[in-house]
Amino acid sequence: MSDTVNRQILLVEKPTGKLGPEHFKMVSGNVPEPKDGEVLVRTRYISLDAANRAWMHGATYRAAVEANTVMAGGSIAEVVSSKAPGFSPGDIVFGDTGWQDYAAVPAKHLNKMPKLEPMTHLLSVYGIAGLTAYFGLLHVGKPKEGETVVVSAAAGSVGSIVGQIAKIKGCHVIGIAGGEDKCQWLTSELGFDAAVDYKDGATFKALRAAAPKGIDVYFDNVGGDILEACLALMNNRGRIACCGAISQYDGVPSAHGPRGVPGLIVVKRLIMQGFIVMDYMDQSAAALADLQSWVASGKLKVQEDVIDGIENTPKALIGLLAGENRGKRMVRV
């Protein structure tokens with residue numbers, strides 16, 4: 001990578017159906033000059049998340065990504081120069097740099113990160129993925145020892161950590177994933193008690209067999225038909241942590257949506273709550289202490305899927321949406 005050229009991946013067209021490589025293009029521009037209050041950073045690892053696709057639909061907890069702009073995305077980056085107090089060259093930060101080599105970012109939008117190895121852990125278990133799993137499960141799902149916890153997209157960056165934390169807390173854990181290989185990985189490597197392959201077409205039947213006592217906590221990453229199947233198996237006063245709805249992000253969502261809303265929620269007195277990890281960042285120090293302790297003791301295994309080359313970022317996101325990855329997917333720039 002030249003220190004005078006800034007490679008950028010643009011979203012040239014907002015997709016109406018499935019995301020494809022034709023919706024992106026790579027261009028080269030000048031390295032930006034930071035203004036007062038900004039920090040110039042060099043991107044090291046770009047985070048790939050299902051939310052990247054959701055941002056193309058419209059405003060969510062952040063502004064929509066518009067056509068012919070740099071594709072948005074968080075990254076771990078290194079400070080090159082700073083015109084803001086508190087940041088110095090060599091500092092490692094997390095921020096929304098977008099898909100590019102260099103970015104000038106307002107200092108208030110950057111979080112300084114510890115220097116640890118491997119640096120990739122700052123995007124996975126100690127980053128947004130790990131914190132989302134931690135707070136969504138423990139603060140929203142509130143599992144109790146002995147309860148049954150189900151997590152969808154269980155082989156993904158968040159779901160794989162959710163299931164392991166639930167096991168640490170003494171729960172019976174069932175993962176829902178796509179494909180026999182992923183399901184085998186969840187049970188043999190990550191310690192899930194059971195795994196259901198939604199691709200075999202009998203999700204409800206398999207879930208009912210795996211959870212004969214019903215579901216107490218469901219961590220939902222997908223929405224749609226899988227949410228519907230879990231709703232029907234929830235126990236009275238169960239909790240549903242709504243983290244994402246990947247089934248509705250790319251392509252055509254289910255025609256009818258999850259049935260049983262609000263009927264089953266009322267009859268079973270369920271708590272169904274959406275959350276955004278940023279709501280809990282004032283408690284991140286305690287969360288990170290737990291996560292680091294569990295990783296050090298071997299109770300929590302970290303799975304990362306690192307793709308090389310910024311030019312491969314569009315293909316890597318498309319693959320993530322198709323379920324290619326295990327654990328956290330990112331691009332090494």
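Contact here means heavy atoms within 4.5 Å. The structure is a predicted model. V151 lies in strand 9, residues 148–152. With neighbours within four places in sequence left aside, V151 is in contact with G159, V162, G163, I174, G175, I176, F192, Y218, F219 and N221. Buried means under 20% relative accessible area. V151 has 0% relative accessibility and therefore counts as buried. The C-alpha atoms of V151 and A166 are 9.7 Å apart, and the two residues are separated by 15 residues along the chain.

The overall fold was examined next. The protein chain holds nine helices and 16 strands. For its 333 residues, a compact globule would have a radius of gyration near 20 Å; the protein chain has 20 Å, so the two agree. The C-alpha trace spans about 60 × 45 × 35 Å along its principal axes. Of the 333 residues, 53% are buried. Contacts between residues at least 6 apart in sequence were also sorted by separation: 68% of them join residues at least 24 apart.

Strand 1 (residues 5–11) and strand 4 run antiparallel and are joined by two bridges. L10 has V70 of strand 4 as its bridge partner. In general, the strands of a sheet pair through backbone hydrogen bonds, either parallel or antiparallel.

Helix 8 covers residues 284–297. At 1.5 Å a residue, its 14 residues should span 20 Å; the end C-alpha atoms are 20 Å apart, which agrees. S284, A287, L291 and W294 are buried in this helix. Seen down the axis of helix 8, the buried residues fall within an arc of 95°, so they line one face of the helix. A285 and A296, on the other side of helix 8, are exposed. The buried residues of helix 8 pack against helix 2 (128–141) and helix 3 (159–168). Just after helix 8, G298 takes a positive phi of about 85°.

Backbone exceptions were considered last. Most residues other than glycine have a negative phi, and most peptide bonds are trans. The peptide bond from E117 to P118 is cis, with omega near -5°. P118 is in the loop between strand 8 (111–113) and helix 2. The bond from V261 to P262 is also cis, with omega near 5°. P262 lies in the loop between strand 13 (234–242) and helix 7 (263–267).

Positive phi values occur at non-glycine positions too. N68 is not a glycine, yet its phi is positive, at about 65°. This residue is in the loop between helix 1 (51–54) and strand 4. N68 has a relative accessible area of 53% and is therefore exposed. R269, also a residue other than glycine, has a positive phi near 55°. R269 is found in the loop between helix 7 and strand 14 (271–274). Its relative accessible area is 41%, so R269 is partly exposed.

Technical notes. Residues numbered from 1 in each chain as written. Predicted model: local features only at pLDDT ≥ 70, side-chain atom pairs only at ≥ 80, totals over all residues. Heavy atoms only, no water. Pairing = 2+ DSSP bridges. Helix = DSSP H or I, 4+ residues; strand = E, 2+ residues; numbered from the N terminus. Expected span 1.5 Å × (residues − 1). Buried < 20%, exposed > 50% of the residue type's maximum accessible area, 1.4 Å probe, protein only. Arc of directions from axis to C-beta. Rg over C-alpha atoms; globule rule 2.2 N^0.38 Å.
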